[in-house]
Amino acid sequence: MTFVLALYTLLVFFGNVTDFGTNLEFVRHVLAMDTTFHDPALAYRAITNPALQEAVYIGVIAWEGLTLVVLVGAVAQWLLAFRGTSGFDRARRSTTVGLLMLIALFAGGFIVIGGEWFAMWQSTQWNGLQPALQNTILAAFALLLVHLPARQWEAGEAT
C-alpha cells in the first residue's frame, strides 16, 4: 500500500507540475466560490485574488512533493526491512508520517477547508469531495494496515 500511494502521489505531483493550469483552474473556482449558492453569509470567505489563489495551489503542490519524498523514503525502508538490512520500525514510522501527510492534504485540505470553508460541496462543476474522500480512505486504510501487529515487528528485530 505504501508503494501504491507513493506511486499515486508521484502521478498527482507530476500532473500538477506538468499541467499546471488545469488544476489551478479548479483551485481558483473553489477559492473564489463562484459556482456555489452565492450565500451572502458565506461570501466573505471567497479568495478572488489570482496571485493568492496561485500561491495556495503552489502550496498544495509543495505539500504533495514533500509527501512524495517521505513516501518514497518509506518504500525504500520497507525494502530494506524485508531484506533484513534494516528494522521495520523505521519503515512504519516513515510510512505513518507520509500517510498522515496524505490525510492532512485530502481530509484537512480538500474535505474540511475546500469542502466546508469554501463550500465546495455546493458546486456541481468544481467539486473534488469524492476523490478527496477516496484518497483519505485509502491512506487511512494503509495507516491501519501498517499498525497491525506482525510477527516480524514483535520479534524484536534490529532497528
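## Helices and overall form

Six helices and zero strands make up the secondary structure of this protein, and the model you are looking at is a predicted one. Read from the N terminus, the order of elements is α-α-α-α-α-α. The C-alpha trace spans about 60 × 30 × 20 Å along its principal axes.

Sequence separation is worth a look too: of the contacts between residues at least 6 apart in sequence, 75% join residues at least 24 apart.

The largest nonpolar core holds 15 residues. Those with the most contacts inside this core are Leu5, Leu71, Leu99, Leu102, Ile103, Phe106 and Ala139. Four helices each supply at least two of its residues: H1 (2-18), H3 (50-83), H4 (88-117) and H5 (129-146). H4 gives the largest share, with six residues.

Leu71 makes a handy point to zoom in on. Leaving aside residues up to four places away in sequence, Leu71 touches Thr2, Leu5, Ala6, Thr9, Thr95, Gly98, Leu99 and Leu102.

## Burial, surface and charge

Of the 159 residues in the protein, 41% are buried. The accessible surface comes to about 8900 Å², and carbon and sulfur atoms account for 69% of that area.

On the charge side, the protein carries 7 positive and 10 negative charges. The mean position of the positive charges and that of the negative charges are 15 Å apart.

Technical notes
Residues numbered from 1 in each chain as written. Predicted model: local features only at pLDDT ≥ 70, side-chain atom pairs only at ≥ 80, totals over all residues. Heavy atoms only, no water. Core = buried A, V, L, I, M, F, W, Y, C linked by side-chain atoms within 4.5 Å. Buried < 20%, exposed > 50% of the residue type's maximum accessible area, 1.4 Å probe, protein only. Contact = heavy atoms within 4.5 Å. Areas by Shrake-Rupley, 256 points an atom, 1.4 Å probe, with all protein chains shown as cover. Lys, Arg positive; Asp, Glu negative; His and termini not counted. Charge placed at Lys NZ, Arg CZ, Asp CG, Glu CD.
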